[in-house]
Structures are given as C-alpha cells and as structure tokens.
Amino acid sequence: MIPSSLLVRSPNWLGDAVLSLPAVASLKAWLGPHPLAVATPRKLSALWRLCAFVDRVVEIDPPKSVWQTARRLREGGYAAAFLLPNSLRSALEARFAGIPTVWGKAGWPRSALLSHPRLPGNPGERYPQQAATYLALAEGLGASGSLAIPELRIPSSWRQPLEPIIAFCPGAEFGSAKRWPEDFYVALARRLTETTGYPVRLYGAAGDRDVCRRIAAAVPGTESLAGQTTLEEFLASLARSRLVVCNDSGAMHVAALLGVPVVALFGSTDPLRTGPLGSSARILAHPVPCGPCFRRACPLDLACLRRIDPEAVFSACRDQLGLSTALSS
C-alpha cells in the first residue's frame with residue numbers, strides 16, 4: 001500500500017547519498033502526488049535541495065541525541081519512513097518519532113524495530129552495484145526506476161560562464177588507501193598547466209588542507225580552497241570546471257552527477273561497486289593480487305595506486321578535455 005507521505009533517511013556520506021538518488025527518485029514516482037521528504041545531515045542538505053523529486057529537506061544534526069532527532073522528525077507527521085543507512089540509530093529515531101511504518105534493510109538488532117525488514121536488494125548486473133542495491137530496496141516496495149541520473153535543479157549560474165579551471169580533489173575521507181600519491185598529483189598538475197594553460201584549483205574538506213596546500217605550493221599559479229567552501233559553493237565550483245581529477249570520493253560522485261568530465265583514480269575500492277553514476281567519468285585502476293582490499297590504510301606499498309602513472313592520467317585528462325593528441329608531444 002502506498003503511504004500518504006514518506007520520509008527517506010539519507011545516507012550520512014556524500015558519495016553514498018549521490019548513489020542513493022536513483023532509488024529516492026523511484027520512490028517519488030511510486031508515491032505520485034504524495035509528498036516525499038528527505039532527512040539528512042545538514043552538511044548534505046545542499047545536495048538534496050538540487051533534487052526536483054524531493055518535496056522537503058529536513059536537516060538533522062548529529063551528534064544530537066536520538067530523542068532530539070526523533071522530535072524533529074515527529075513534526076512532519078509522516079505515514080512511513082524508508083531508511084537508507086543500515087544503522088540501529090536511524091531505526092530508533094524513526095520509531096521514537098512515532099512513524100507507523102518503517103522500512104529498511106534487515107539486520108541484527110535493528111530488524112526488531114522495522115515494520116517490514118527487507119533483505120538486501122539484489123543489484124543484479126546493474127552498475128554501480130551500491131546504487132543498484134539502493135534501487136533494489138526501493139523496488140522491493142513496488143517502485144520501479146533506473147540508474148540514470150534523475151532530474152536536478154541546477155542553477156543557471158553554475159553553468160555560465162564555464163571557467164577554464166581544472167579541479168583537483170586529492171582527498172578521500174575513507175582513508176589513505178584511496179588517495180593517489182601527493183607527488184603524482186604535483187607531477188600531473190605541472191604537466192596539465194604547462195601543456196593546456198589551464199590553472200589547477202584544489203578543493204577538499206578541512207582535513208585535506210595540508211595536502212592541498214603542499215600541492216599548490218609546488219605548482220606555480222595553483223590555488224587551494226580546501227576547507228574554505230560550503231557544499232553548495234563546492235558543487236557550484238565543480239559544475240563550472242572543465243575537468244575534475246579525484247580519487248574514489250564524494251567529489252567524484254558529485255562531479256559525475258553534474259555531468260562534468262572526470263578522471264577518477266581507484267585504489268583499495270572497486271569501481272564496479274562504488275563507481276559513479278552517469279557516463280562523464282573516466283576511471284583508472286591498476287589490478288593487483290591483493291585488491292580490491294577495501295582497507296582504509298595499505299599495509300604494503302600502495303601498489304594499486306602507485307602503478308597508475310601520472311603520464312597515463314595526463315593522457316586520460318587530455319581525452320576528457322577533448323584536446324588534440326599533438327599536446328602530448
């Protein structure tokens with residue numbers, strides 16, 4: 001039975017939230033005229049406000065108590081909730097909010113709090129698998145959809161004028177095993193600026209300030225804005241860039257979501273599992289016997305990333321920029 005209103009609890013990480021968008025769009029199509037709200041950490045609200053299929057964005061701010069969040073959710077009087085995080089806390093918040101029907105992925109001990117625990121969705125042959133798993137959970141309720149990028153409300157100011165900027169996002173919150181080496185970013189930045197004339201601008205979270213500062217200091221004309229932008233400003237900057245070079249990170253996912261040409265460098269993770277939506281990304285990965293290991297830190301020599309040569313990445317960047325092969329000579 002289709003509920004009269006639905007609250008979707010967003011994932012807590014930027015990349016995961018982007019990968020959940022097709023599933024949430026399919027739920028809105030299933031609901032028809034009934035309202036769909038998304039409860040999200042405030043740090044991700046700018047992403048959800050871009051989504052034409054979301055009727056309301058409810059900001060929640062951990063580490064507030066479960067009771068405080070539940071009171072915030074209770075204000076909406078929602079008929080049902082759909083939980084994308086697998087946490088016990090998200091189920092407690094929905095239950096304490098008095099939401100009559102709570103759907104989510106089955107798991108101990110939170111299944112006892114769910115009205116209809118659902119087995120993990122089968123992604124089948126669809127790619128990326130994480131986005132397909134979210135979509136399969138929604139399909140289990142009766143929704144149907146695809147992994148195409150859903151309708152977004154992109155401000156016109158984000159598209160014009162297109163800046164001659166190459167954006168580097170060398171961070172990855174998951175850990176160092178997802179980060180292409182700093183000296184490789186330096187070599188690539190020098191090659192790109194000397195060859196194309198486009199300046200490189202570095203972006204990242206507060207924790208990326210040091211690495212971005214060092215890369216910028218090593219390449220004349222390069223600027224770092226790491227830790228200086230809101231999510232909305234970050235999204236707007238990427239949307240106006242000619243190219244984004246990054247690791248498997250939230251930056252990769254939002255750049256691909258916005259249709260910006262991307263060169264993404266994969267290390268400890270699997271692009272079949274957590275690759276980006278859309279077709280604007282060029283993924284580079286070097287198979288190694290120990291990978292994908294999904295570790296936060298490499299106990300060996302980070303061969304999976306160190307064997308992705310800066311010259312190969314430069315070639316991929318040139319292709320993504322649509323530049324003549326003569327530039328590589």
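Which residue stands opposite Val262 in E11? Val244 does, and the views below start from there. This is a predicted model, where local features need pLDDT of at least 70, side-chain atom pairs count only at pLDDT 80 or more, and totals for chains, interfaces and linings use all residues. Residues are numbered from 1 along each chain as its sequence is written, and side-chain values use heavy atoms, with hydrogens and water left out.

**View 1. Strand E10 runs parallel to strand E11**. Strands (E, at least two residues) and helices (H or I, at least four) are DSSP runs, numbered from the N terminus. E10 covers residues 243-247 and is joined to E11 by four bridges; strands pair if DSSP finds at least two bridges between them. To get from E10 to E11, the chain passes through helix H9 (residues 250-257), making a right-handed β-α-β crossover. Right-handed here means that, with the strands pointing away from the viewer, the path from the first strand over the helix to the second runs clockwise.

**View 2. Strand E11 is largely enclosed by the rest of the structure**. Five of the five residues in this strand (residues 262-266) are buried, meaning under 20% relative accessible area with a 1.4 Å probe and protein chains only; exposed is over 50%, and partly exposed is in between. Val262, Ala264 and Phe266 point one way from E11, while Val263 and Leu265 point the other way.

**View 3. Strand E12 pairs with E11 in the parallel sense**. E12 spans residues 281-285, and five bridges hold the pairing. Look for Leu265, which has Leu284 in E12 standing opposite.

**View 4. Phe168, Trp180, Phe184 and Tyr185 are linked into a cluster by ring pairs**. Rings of Phe, Tyr and Trp (its six-membered ring) pair if their centres lie within 6.5 Å; planes under 30 degrees apart are stacked, over 60 edge-to-face, and the rest tilted. That rule gives six aromatic pairs. Trp180 and Phe184 have ring centres 5.4 Å apart and planes at 70°, so they meet edge-to-face. Trp180 and Tyr185 are also edge-to-face, because their planes sit at 80°, with centres 5.0 Å apart. Trp180 is buried at 2% relative accessible area, Tyr185 is buried at 1%, and Phe184 is buried too.

**View 5. Arg296 and Arg306 sit over aromatic rings**. A charge counts as over a ring if NZ of Lys or CZ of Arg is within 6 Å of the ring centre and within 35 degrees of the ring normal. Arg296 lies over the face of Phe174, 4.5 Å from the ring centre. Arg306 has its charged end over the ring of Phe184, at 5.8 Å from the centre.
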